[in-house]
Amino acid sequence: MINSLTRGLARATGSSLGPYQTAVIRIGLSFVWLCYLLREWPNRRELYGPDAPWSGGMARQLTGDNHAFTALLWSDSPMWFEGVYALAVVSSALLMLGWRTRTMSVLSMLCVLSLQNRSVFIGDGGDNVIHLMALYTVLTRCGQVWSLDARRAARRAGSQDGRDVPGIVLWTVCGLALAAAQVHGGAGLGWTDEGPLPGLGWATALWGLWLIHGLWWAAVRYAPGEPRTVLDTLAHLAHNAALLVIMAEVCLIYATAGWYKVQGSRWQDGTALYYPMHIDYFSPWPWLSHALAASGIIVLLLSYGTVAAQVAFPFTLLNRRVKNVLLVVMMAEHVGIAVLLGLPFFSLAMIVADAVFLPTSFLRRLGRVGVRFPGLRPGPRSSNAGGAELLPEQRIVG
């Protein structure tokens, strides 16, 4: 028992686990959020901007009660809204590509919170998943593989030049922007309240992340010995804890959804899925929905199967083979939701969240397929044809 605990502690503090799984979370959710932002570009002002039915005054009243963070309420200027929306698009695209993932994960998170908390009634459930995962991704080293950061680290392996001018410029600009926001009196930037954790304000959290990024660069540049080792250990712990929380969150989503369904009379008699298939709003292809709903056996099997899969999912993690089979079932279920009910972004977000449980061997094979495309090939210093998993010194990124 003691030896097992020792090995577990050494693994948790000595490496960032699940590099491929966190990379999938980074790429997948950024892609979903980016697609949503681009699709709603023509409607952005009516959804989140000055023309929204949920006015700025009502949004301020609500955020004053629930203390939700949103930078969109710092100014009523249309130019400010356009700037925040454009930053959301750019940061999500760069995070998906893995460019400066530490910084982009923070900027993307702030944009997600700003838009979603500005108009809380806009969304289909997938926004909640993106909202939560954006917070957790900040603490992960999600750029270890399949990222431009990993390519850059491979190219610099063995180089004596530790300068990083773009990184220093980006760090300086972010610090100046945060200082300007506080001087301007941005709502929600308190030091000890209204933050991501009780007693921790957004100002403390953001300045803390900013200082940690600067300290990390200084340690890599000037103190590669014990200080770097200590920072590596702390980064591994934060990453592994965040990864565990992401996995627990997915299990909690399915467990609560399944057990709440069990209590519903329509789910108990197996007719629950019959009704949404006859709602015009959730029927992008009415002929398909009506054809399935016309069969009582199909409706019964789908209703009971949905409940059984969601309730059983957390328990299947105890057996790898059963878990992999149920993962396929859950992903197929979400594809069905996207097609039948017209909820593509919700389904994509859940499929990406499910991917955190995919086997590493499968993700590596997926990476080998990806390197066939020129933009995803490993850097010139890597001889591994399977992707970025063997890039030297890649532990410094992410």
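Guide: Start with axes: they are lines fitted to C-alpha atoms, for helices over the stretch in contact, and angles run from 0 to 180 degrees between N-to-C directions. Helices are DSSP runs (H or I, at least four residues), numbered from the N terminus. This is a predicted model, where local features need pLDDT of at least 70, side-chain atom pairs count only at pLDDT 80 or more, and totals for chains, interfaces and linings use all residues. Residues are numbered from 1 along each chain as its sequence is written, and side-chain values use heavy atoms, with hydrogens and water left out.

Visitor: Why are α11 and α16 called oblique to each other?

Guide: Helix α11 (residues 226-262) and helix α16 (residues 344-354) pack at about 125°, with axes 10 Å apart. Under 35 degrees counts as roughly parallel, over 145 as roughly antiparallel, 65 to 115 as roughly perpendicular, and the rest as oblique. The pair falls in the rest, and is therefore oblique.

Visitor: Which residues of α11 and α16 meet?

Guide: Val-250, Ile-253 and Tyr-254 in α11 meet Met-350, Ala-353 and Asp-354 in α16. Contact means heavy atoms within 4.5 Å.

Visitor: What makes α2 and α5 roughly antiparallel?

Guide: The axes of helix α2 (residues 19-39) and α5 cross at roughly 150° and come within 8 Å. That angle is over 145, so the two are roughly antiparallel.

Visitor: Why is the pair of Phe-81 and Tyr-85 called tilted?

Guide: Rings of Phe, Tyr and Trp (its six-membered ring) pair if their centres lie within 6.5 Å; planes under 30 degrees apart count as stacked, over 60 as edge-to-face and the rest as tilted. Phe-81 and Tyr-85 have 5.9 Å centre to centre and 50° between the planes, hence tilted. Both lie in helix α5 (residues 78-97), 4 residues apart, about one turn of the helix.

Visitor: How do you know whether Phe-81 is buried or exposed?

Guide: Buried means under 20% relative accessible area, exposed over 50%, partly exposed in between (1.4 Å probe, protein chains only). Phe-81 has 4%, so Phe-81 is buried. Tyr-85, at 0%, counts as buried too.

Visitor: What makes the pair of Trp-171 and Trp-210 stacked?

Guide: Their ring centres are 4.0 Å apart and their planes lie at 5°, so the pair is stacked. Trp-171 lies in helix α9 (residues 165-184) and Trp-210 in helix α10 (residues 202-222), so the pair ties together parts that are 39 residues apart in sequence.

Visitor: Why is Trp-171 called partly exposed?

Guide: Trp-171 has a relative accessible area of 29%, so the label is partly exposed.
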